[in-house]
Amino acid sequence: MKQEITIALPKGRLSKQVLALLQEAGYENKIDPKSRLLIQKDEENNLTYMFVKPSDVITYVTEGICDIGFVGSDSLIEAEPDLYQLMDLGIGKCKMVIAGLDDTALNKNESVRVASKYPKIARAYFKEQNMKASVVKLNGSVELGPLVGLSDVIVDIYETGSTLRANNLRLIRELFDISTMLISNKSSYRMKRNEIEEIISNLGSRVDENVEN
Amino acid sequence: MKTIQEELRGINTRNQVIKKLQNFAEDKGFLKVESDAFEEYSRYLEQNPRQNPKKLVKVQDLRGNLFFLKPDITTNLIKQVIPRIKSNEVVELYYVEKVYQYDSGGSIDASRQFGIELLGKSGIETDGELINYIKELLMSFDVRYKIELGSQAWVNLIIEQLNLDKQNKIALKKAIIAKNIAKIQTLISDKKYVGYVELIKATIRFQNNINLYRSVIENYGLNTKLNEVLKQLEILKEIVNDECIEIDLSLINEFDYYNGPIFKGYINDYKDSILRGGRYDFLTKDFGRLTPALGFSLDVDVLIMEVEQ
């Protein structure tokens, strides 16, 4: 008998893309992302979906409340959770970048002040570059950092660049690509491997197209 | 808050589980040992460079000397045994003790461990014997279990073939541990290593399929020593003969002290592994002399919790 799989879905824009992918993979949507119900079941496929805050997907999967989840690789690189990152879905693509008012900020002899939602990523980058940096953690509107004198630059995700441009900031350097990953709790993977591999296999061909683009 | 009766029942369950573990080990002929409560700070870090000191609980005596509060048991035991063990001498030990470290919130976490260490015994038959003990132990507690079986030798062999600098070797090991195929493909981008990429992908996507791994090795003309590792694993699988034990060649330990078969066990719906172990001959070199060494440790508190439910 197939074991039930619980899936952590990030609320918001990403959940629509993930649900569309699941639908294309043959999991007809029995669930309504617009509903206020946070737990919804697909009885036919023995799946339970939990709609969670995007920043909490990792927690739900690490704690075993959810077997698998969908989350951006930026969060995974920052948090370094003890999970499996089984598949790059090729959606939610963007980049991690350094941005600021201009690039002279990186030519300072003294310590560069950096504002970021990703302090670990920021510190690791500047350490690798042998540059001194002091990092301030912000939770949102990171673009404010250089505008109000809190920081010289920011390390943040970059999609279209519209927010940067609207605030007179420019892209200084690209650090790495980001995409949405399917993650799995390690215990769930072992105990429910057949069910999880079936989901991966069904998502497989649809996903390969996204990754190539 | 628990009632007194609930608390007493919990204590009774705990005592029964611990007694059962002890009886199991003693019936197999292992000797119970206790490790030191404190490890001298600098000496411990020197002997265990892979440990993260920030996770370990520090205490200070009245003379100002720093110590760690029992951080682990294996290294403490082998530190005592290895300098004195003669070649061809066998020492078979078990323990049931607490170890201490800080949890992610910064609180001191005391975790009771049961473990078995076999020192001076080499050979795949010994590895199989230990895994069979684990099987027997878990079955005696009537829990659903799965054990994944890998090989540190396998991963080390593959990484040796790739021309990676130290940083990328570490990154590759992390990517394999995370089963992150996308990252693995980024790290090994040189086309001449495409066969090794396909081999790693096969071990992640198609678990427990030695024949497939053999055909990838043959089709891409990869290092034939890999076939020797597969042969050893086949023998091991025959010895343990259990569909709840799966070969996962992407299972590796980030650190270098394991050198042969490694394994991890999971039970019921518990979120983490409950046991881990393997052959760690290489670690014994750090303590005096290369000695065959094999063991595992199991989280007793998790077992108690699962038995109670």
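**View 1. Overall fold of chain A.** Chain A comprises eight helices and eleven strands. The model shown is predicted, with an ipTM of 0.91 and a pTM of 0.91. Along the principal axes, the C-alpha atoms of chain A occupy a box of roughly 65 × 35 × 30 Å. Of the 213 residues in chain A, 50% are buried.

View 2. Ser116(A) belongs to strand 7 of chain A, which covers residues 112-116. This serine counts as buried because its relative accessibility is 0%, where the cut-off for a buried residue is under 20%. A polar atom of the Ser116(A) side chain is placed 2.7 Å from the backbone oxygen of Val155(A). Val155(A) is also one of the residues in contact with Ser116(A) once neighbours within four places in sequence are set aside; the others are Ala122(A), Val136(A), Lys137(A), Leu138(A) and Val142(A).

**View 3. Extent of the contact between chains A and B.** The contact draws 22 residues from chain A and 24 residues from chain B. About 1,800 Å² is buried between the two chains, and carbon and sulfur atoms contribute 42% of this area. On the side of chain B, Lys179(B), Tyr266(B) and Lys271(B) together supply 29% of the area that this chain buries against chain A, more than any other three residues. Chain B has an average pLDDT of 93, and 99% of its residues score at least 70.

View 4. Five salt bridges are counted between chain B and chain A. In one salt bridge, the side chain of Arg190(A) meets that of Glu148(B), with an N to O distance of 2.5 Å.

**View 5. Elements and residue classes on the chain B side.** Several elements of chain B give two or more residues to the side that touches chain A. The helices concerned are helix 6 (166-177), helix 7 (181-187) and helix 8 (194-205) of chain B. The strands are strand 7 (145-151) and strand 9 (261-267) of chain B. By class, the residues on this side of chain B divide into eleven charged, nine nonpolar and four polar.

Definitions and conventions
Residues numbered from 1 in each chain as written. Chains lettered and ligands numbered in written order. Predicted model: local features only at pLDDT ≥ 70, side-chain atom pairs only at ≥ 80, totals over all residues. Heavy atoms only, no water. Contact = heavy atoms within 4.5 Å. Buried area = accessible area lost by both parts, 1.4 Å probe. Salt bridge = Lys/Arg side-chain N within 4 Å of Asp/Glu carboxyl O. Helix = DSSP H or I, 4+ residues; strand = E, 2+ residues; numbered from the N terminus. Nonpolar A, V, L, I, M, F, W, Y, C, P; charged D, E, K, R; others polar. pLDDT = per-residue confidence, 0-100. Buried < 20%, exposed > 50% of the residue type's maximum accessible area, 1.4 Å probe, protein only. Polar contact = N/O pair within 3.5 Å; in protein donor to acceptor, adjacent residues only side chain to side chain.
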